[in-house]
Amino acid sequence: MLKTTRLILAIPICFTLLVGWFAWSAFRAAPPLAAENLRGAGLSMAAAIEQLATADPSFRSLTRYSTPDIAYFALVDKSGTIRFHTNPGLIGRSFAGGAPPVMPTGVSEQRERLGTGEEVYLLRTPIHPDHDQLLLTLALHTYRADQVIRRARTGVSIVAALTLLLWGLTGFLFALLRRDERQRRELGRREELARLGEMSAVLAHEIRNPLAGIKGFAQLVASAERIEPARLYAEKIVSQSLRMEALVNDLLAFARDDREERQPVDLAALVNDCVDLIRSEAAPARVAVEHRRHPPLKVRVGADRLMQLLLNLMKNGVQAMPDGGVLRVDLERAEATARIRVVDSGIGIPAADLPHIFEPFWTSKAQGTGLGLALCRRVTEEHGGRLQVESAPGAGTTVTVVLPLTA
């Protein structure tokens, strides 16, 4: 959930930064670009007007010079008389109240608002037609150049709208994910409660039977008049107590969070020790244990936890052969892993039961908590390995533990 949330937030953040930078750069570059376009157009037109004035001192050719960008232009001599104007009615009049114009040394440019309310770009520059000096005043419409600025502003508005839309969708998606996460947590809580109820039922059943036996035998001990029957009843009490202790130990082992420090261990020696321990339990059950010792194999594990796993698997194999049989324990190296196989010649597991054998509290035995194989799989996964079971009714069972070797 955390990774998904970060990814969902990273996409709009990156999009906002990238597109925002692009739109802001374009917006800041628009006014200088518009001014540069106006200046370039004005200088080009001024050069064209100067050429026409030089070629035709009567300025008649200037009456035919017109472009959509020109608002007006005028030529004023040193005395302040308008020698040419795009408005013929102004030709011959005095410029600016009759005051001689101030000839700029270069190009003068500014924006000015006309009496009509329109803002124009005003360019003033001296020209020299036919060895004369005149002041060219050129006024250009700015709407085409300012279109760059308008487009930049429109682009910023569109980017802002798209960014808001993206963040809105992100918020909506985030809300959906939060709702889905809450539903998953609620479902998990209900499943946990259901499992807790199932576990409580199993515990109540498993503990009630030994308690009833302990209570009954204790009553018999209390009423026994001879020592021999009392001793027999006491042994029964001890047996039922051990059964309850095993149940509690299985529950604690299954629920325990493994924090045991992992150390390099010789897996071959650990398997040998487990085989030696299981022989004493296998002999009374007429089960022969076959094992060929293997050269050292180093694995990084919690030794006690792994020994519990192996003993559980071997005890399951012995219990699966009520009429005796052979229990074979193999150890081999396969590339970067060690494989432990516990093979029995017992009754096997029905195909319908195989999908359930790793479920906690599921068991096909008359007595048992169903925690054995679930605990074995948990221990294997804690050590970065995997547990595999192959079985068929009447053909025995093969359990394979795969563990990574140390470097």
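1. Glu181 is buried, with a relative accessible area of 18%. That value falls in the buried class because the cut-off is under 20% relative accessible area. The model is a predicted one, and this note reads it as such.

2. Glu181 has two salt-bridge partners to look at. With Arg184, the closest N and O atoms are 2.5 Å apart. With Arg185, the side chains meet at 3.7 Å, N to O. The second pair still counts as a salt bridge because the limit is 4 Å between a side-chain nitrogen of Lys or Arg and a carboxyl oxygen of Asp or Glu.

3. Why do Glu181 and Arg184 lie about one helical turn apart? They are three residues apart in helix H2, so about one helical turn separates them. Arg185 and Glu181 are four residues apart in helix H2, and again the separation is about one helical turn.

4. Helix H2 spans residues 143-223 and gives the largest share of a nonpolar patch, four residues. The patch is on the surface and consists of Phe15, Ile158, Leu162, Leu165 and Leu169. Together these residues have about 460 Å² of accessible area.

5. Phe15 sits in helix H1, residues 2-55. Is Phe15 buried, partly exposed or exposed? Phe15 counts as partly exposed, because its relative accessibility is 31%.

6. The structure holds 13 salt bridges. One of them joins Glu109 and Arg39, with the closest N and O atoms 2.3 Å apart.

7. Which way do strands E3 and E4 pair? Strand E3 (residues 108-113) and strand E4 (residues 119-127) are antiparallel, over six bridges. Glu109 has Leu123 in E4 as its bridge partner. Gln110 stands opposite Leu122 in E4. E3 and E4 make a hairpin with five residues between them. In that turn, Gly117 has a positive phi of about 95°.

8. Eight bridges join E4 to strand E5 (residues 134-141), and the two run antiparallel. Val120 has His141 in E5 as its bridge partner. The hairpin of E4 and E5 has six residues between the strands. There, Asp130 takes a positive phi near 50°.

9. How many of the nine residues of E4 are buried? Seven are, and E4 is mostly covered. In a regular strand the side chains alternate between the two faces of the sheet.

10. Thr337 belongs to strand E10, residues 337-344. A polar atom of the Thr337 side chain lies 2.8 Å from the backbone oxygen of Ala334. Which residues does Thr337 contact, leaving aside neighbours within four places in sequence? The contacts are Glu332, Val402, Leu403, Pro404 and Leu405.

11. Leu232 belongs to helix H3, residues 227-255. Leu232 is partly exposed because its relative accessible area is 44%. The C-alpha atoms of Leu232 and Val221 are separated by 8.8 Å. Leu232 and Val221 are eleven residues apart along the chain.

Conventions: Residues are numbered from 1 along each chain as its sequence is written. This is a predicted model: local features need pLDDT of at least 70, side-chain atom pairs count only at pLDDT 80 or more; totals for chains, interfaces and linings use all residues. Side-chain values use heavy atoms; hydrogens and water are left out. A polar contact is a pair of N or O atoms within 3.5 Å; within protein, one must be able to donate a hydrogen and the other to accept it, and residues adjacent in sequence count only if both atoms are side-chain atoms. Contact means heavy atoms within 4.5 Å. Buried means under 20% relative accessible area, exposed over 50%, partly exposed in between (1.4 Å probe, protein chains only). Two strands pair if DSSP finds at least two bridges between them. Patches are made of residues with over 30% relative accessible area and no salt bridge: like charges are joined within 9 Å, nonpolar side chains (Val, Leu, Ile, Met, Phe, Trp, Tyr) within 5 Å. Accessible areas come from the Shrake-Rupley method with a 1.4 Å probe; for residues, only the protein chains shown count as cover.
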